Amino acid sequence: DVLSPGFPYSLVSAESADRIAWLENERGMRNVYTATPPDYEPVRLSSYFSDDGIDLQSLQISDDGEIVTFIRGHAPNRDGWVANPNSDPRGGERVVWAMSTRGGNPWRVVEARGYTLSSDGRWVLFEEDGQIHRAPVNSGLDARVDPGVPFITAYGDNRGATWSPDDRRVAYVSDRGDHSYIGVYDARSPAITYLAPGVDHDTSPAWSPDGAQVAFIRRPGDPFGARAELGDADPADLPEGMMEATFSGGHTLEIWVASAETGEGRRLWSAPPGEDGFSDIRSIEWRGEHIVFEAEPGNWRHWYSISVTDPRPEPVELTPGDGFVMQVSFSADGRTLYYSSNHSDSDRRDLWRVPVAGGQPQKLTDGDGIETFPAALASGREVALLY
């Protein structure tokens, strides 16, 4: 009785078509659903009709809303084992599957821990043994591509691959131990361009809407003492700067913007020295003419934006108030942020919207409900949510 009601999760929307999709757990049976306006009649796509304990995760949808992909299988534990609830003698597995939103049976794409779907729904990127791999969503159309052969073979531990808006290029993080680069692979050349490479830790690549530039986070490279063989020496006795690294000025985080074509870059903004909330930014997104990110310079994690065109940009708080911001979604044009928060009632969640450039947030829902996981539709007229 307690577990039987359907529980929807992982709500997503297409970028260029008004279609939503989600995962749902009904009496232990996990399945993929979709719906379109104006009636939003739920259509079950998959047919997993047993309570087998196998999880569905990481639902993604192509820009045109024609293809959905998802992972079936549990995340591996620290030893790399995938849960095997049914004691299948073949072992547990974690596999990317794909389906047409018009119906039919799901088909197996590739075994992977995680993946990123291209906007056209043709390819997935995934990481294995420190290299970036590519697999065709429909192997019948691209049978010449072997997912077991790295798409990009490069020195270092390569991860965090993300498609450019036109799916022509791939940006990724190349970790070299005491420093890391942002690499851009151009499939038409083919060639790799490193963006403003140096001796620092570069992470979190985010494409500009036109695909011409990439923004990323830069932190100082490892200090000498972190890699040195100290023996019996006390780290406290080392000269200042041997165990800590900062940029000139004392700050420890910068946001950079670089050309995907040439690799030439510039520093857009640096976090104030000693401001731990901004120095702990984990990821960024490029929306319209702004870099958007989550940070906690105060008591709550909120969302901020920085103008890419302002010669001396400063962060603009988008989600002010006493309370925390949960899930967010952006309009297709990148101008509006939708978010769920408890700003109006600590025991509830309401849906809000605010311009990414900054402005007064507007509350879209009210009452005693809990509204979470917004997913803005492509037309900009509606936003889906879990209630």
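Trainee: Which conventions apply to the model and its numbering?
Mentor: The model is predicted, local features need pLDDT of at least 70, side-chain atom pairs count only at pLDDT 80 or more, and totals for chains, interfaces and linings use all residues. Side-chain values use heavy atoms, with hydrogens and water left out, and residues are numbered from 1 along each chain as its sequence is written.

Trainee: Why is one side of β1 and of β4 left without a neighbour in the sheet?
Mentor: Strands are DSSP runs (E, at least two residues) numbered from the N terminus, and two of them pair if DSSP finds at least two bridges between them. Four strands form an open antiparallel sheet in the order β1-β2-β3-β4. One side of β1 (7-13) and of β4 (43-44) lacks a neighbour because each stands at an edge, with a single partner strand.

Trainee: Which residue in β2 is the bridge partner of Y9?
Mentor: β1 pairs with strand β2 (residues 20-26) in the antiparallel sense, over five bridges. Within β2, the partner of Y9 is L23.

Trainee: Which residue in β27 stands opposite R353?
Mentor: Another open sheet of four strands, with antiparallel pairing, has the order β24-β25-β26-β27. Its edges are β24 (325-330) and β27 (362-363), each with a single partner strand. Strand β26 (residues 350-355) runs antiparallel to β27 and is joined to it by two bridges. Opposite R353 stands Q362.

Trainee: Is V68 buried or exposed?
Mentor: V68 lies in strand β6 (residues 67-72). Buried means under 20% relative accessible area, exposed over 50%, and partly exposed in between (1.4 Å probe, protein chains only). With a relative accessible area of 0%, V68 is buried.

Trainee: How far apart in space are V68 and W22, C-alpha to C-alpha?
Mentor: Contact means heavy atoms within 4.5 Å; leaving aside residues up to four places away in sequence, V68 touches residues including A21, L45, I61 and W97. V68 and W22 are 46 residues apart in sequence, and their C-alpha separation is 9.6 Å.

Trainee: How many of the six residues of strand β21 are buried?
Mentor: β21 (residues 290-295) pairs antiparallel with β20 (residues 284-287) over four bridges and with β22 (residues 302-307) over six bridges. β21 is largely enclosed by the rest of the structure, because the number of its residues that are buried is five.

Trainee: Which residue takes a positive phi in the hairpin of β20 and β21?
Mentor: Across these strands, E285 has V292 as its bridge partner. The hairpin has two residues between the strands, and the positive phi, near 60°, belongs to G288.
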